[in-house]
Amino acid sequence: MAPRLTIEASLDWEKGSTGNEQTIKLRTSTPYFDTTSDASVSGASVKVINNNSLVEFVFEDQNNGTYTTSNFVPVLNQSYTLEIVYNEETYTATETLMPVVEIAEITQSYDKGFDDSLLEINVLFDDPINEDNYYLLKLKEEGTLLPVFLNIEDVFRDGKRIKLIYEKDDVDTFIPGDIVDVTLFGISENYFNYMDILLTLSRGSFGVVPVGAKGNCVNIDNEENYAHGYFRLAQVVRTSYIFQ
């Protein structure tokens with residue numbers, strides 16, 4: 001299979017920061033067991049456009065697969081378009097920068113998950129009323145390689161306090177002293193649906209038919225040569241929790 005452009009374009013605006021420094025990463029896909037090839041992409045043209053003001057934010061090529069800017073201006077509920085020109089083909093994607101609420105409380109318990117003998121983390125936040133909201137929660141335990149993601153929409157929870165619960169298994173359970181970095185993202189409905197497919201496939205749910213999780217990046221010159229990845233904008237809040 002011919003390599004495809006792979007786009008990692010997650011523009012996250014942490015509350016309390018200016019959000020001006022952003023990075024987009026480009027690489028080409030490689031065979032699953034290939035761990036030696038340099039798949040980073042240099043020489044592309046990368047920019048993000050505010051679809052209201054038409055201001056363009058150019059991401060400079062760092063010649064290692066990363067493209068950076070220090071002058072991005074995040075505006076909540078604003079639509080932006082990503083434009084990448086690579087190998088004389090243009091890829092575009094459009095998304096909206098979604099707001100996020102504050103994390104109201106983080107607690108621990110034994111009796112809220114599937115196994116009452118296992119320690120679990122509870123992340124609580126208050127959903128705004130009369131709005132359609134979508135959230136992505138990232139939990140990264142210090143000392144581990146991979147984070148855990150949980151996604152949720154506010155259907156049946158509109159205007160209420162939402163609690164997301166996560167427990168590990170009995171072989172690798174949380175213990176007092178463990179530190180977990182907690183990040184809550186406000187995301188769009190489209191990105192929620194995309195992540196829902198990815199998370200379902202990653203859990204290996206019984207009876208689920210594998211489907212392609214195609215992102216929102218479209219090749220406008222050659223539709224068949226689509227890119228992997230997703231263009232996302234999100235406001236985020238971050239904190240950490242130490243198990244007692």
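Reply: Two strands count as paired if DSSP finds at least two bridges between them, and the strands themselves are DSSP runs of E with at least two residues, numbered from the N terminus. This is a predicted model: local features need pLDDT of at least 70, side-chain atom pairs count only at pLDDT 80 or more, and totals for chains, interfaces and linings use all residues. Residues are numbered from 1 along each chain as its sequence is written, and side-chain values use heavy atoms, with hydrogens and water left out.

Let's zoom in on strand 10 (residues 134-141) and strand 13 (residues 179-187), which run antiparallel and are joined by 8 bridges. One of the residue pairs to look for is K140 with D181, its bridge partner in strand 13.

A pocket is an open set of points on a 1 Å grid over the protein atoms alone, with protein on both sides within 12 Å along at least five of seven lines; a cavity is a set where a 1.4 Å probe fits but cannot get out, and lining residues have an atom within 4 Å of a point. Volume is the space filled by probe spheres set on the points, joined across faces, edges and corners.

The second largest pocket holds about 160 Å³. Strand 10 gives the largest share of its lining, 3 residues. K140 turns up again in that lining, and so do L139, E141 and V180, among others. By class, this pocket's lining has 7 nonpolar, 1 polar and 4 charged residues (Ala, Val, Leu, Ile, Met, Phe, Trp, Tyr, Cys and Pro count as nonpolar, Asp, Glu, Lys and Arg as charged, the others, Gly among them, as polar).

There is also 1 cavity of 30 Å³ or more. The largest cavity takes up about 30 Å³, and strand 10 and strand 13 each supply at least two residues of its lining. Go looking for M98, P99, D132, N133, Y134, Y135, G186 and I187 around that space. In that lining, 5 residues are nonpolar, 2 polar and 1 charged.

What about the packing? A nonpolar core is a set of buried Ala, Val, Leu, Ile, Met, Phe, Trp, Tyr and Cys residues joined through side-chain atoms within 4.5 Å, where buried means under 20% relative accessible area and exposed over 50%, with partly exposed in between (1.4 Å probe, protein chains only). In the largest core, which has 26 residues, L26, I84 and F231 touch the most other members. Strand 1 (5-14) and strand 15 (228-242) are among the elements that give two or more residues to this core, and strand 1 contributes the largest share, 5 residues. A second, separate core has 22 residues, including L150, V180, V237 and F243. V180 is one to highlight, as the pocket described above has V180 in its lining as well.

N87 has a positive phi of about 55° although it is not a glycine, and its place is the loop between strand 6 and strand 7. F156 does likewise, with a positive phi of about 70°, in the loop between strand 11 (148-153) and strand 12 (161-167). N87 counts as exposed at 59% relative accessibility, and F156 counts as exposed at 77%.

Technical notes:
Helices (H or I, at least four residues) and strands (E, at least two) are DSSP runs, numbered from the N terminus.
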